[in-house]
Amino acid sequence: MASEAAGTDPKRAGAIAASLFAAVQGGLLLTQTEQAVWPLEAALDGALGQLRAAMTV
């Protein structure tokens, strides 16, 4: 998905993939800390929003 959003720019694809991975990892950590699912849901919603925005550029 990141490479599709980045088009032919491998640096941009790497940056998008890294930010998506960081969002998921942070959401999982906060989910464990809070013992609730909402942090992961929020992280995934934000990551998907950024991915959608990158795909429209």
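The largest nonpolar core of the predicted model consists of 5 residues, I16, L20, A47, L51 and A54. A nonpolar core is here a set of buried Ala, Val, Leu, Ile, Met, Phe, Trp, Tyr and Cys residues joined through side-chain atoms within 4.5 Å; buried denotes under 20% relative accessible area with a 1.4 Å probe, protein chains only. Helices α2 and α3 (38–56) each contribute at least two residues to this core. The most come from α3, which supplies 3 residues.

The protein contains 3 helices and 0 strands, in the order α-α-α from the N terminus. Helices (H or I, at least four residues) and strands (E, at least two) are DSSP runs, numbered from the N terminus. Of the 57 residues, 25% are buried. Among contacts (heavy atoms within 4.5 Å) with a separation of 6 or more, 41% join residues 24 or more positions apart.

The mean pLDDT, the predictor's confidence in each residue from 0 to 100, is 83 for the protein, and 84% of the residues score at least 70. Where pLDDT is low, predicted coordinates should not be read in detail.

Residues are numbered from 1 along each chain as its sequence is written, and side-chain values use heavy atoms, without hydrogens and water. In this predicted model, local features need pLDDT of at least 70 and side-chain atom pairs count only at pLDDT 80 or more, whereas totals for chains, interfaces and linings use all residues.

Terms used:
Buried < 20%, exposed > 50% of the residue type's maximum accessible area, 1.4 Å probe, protein only.
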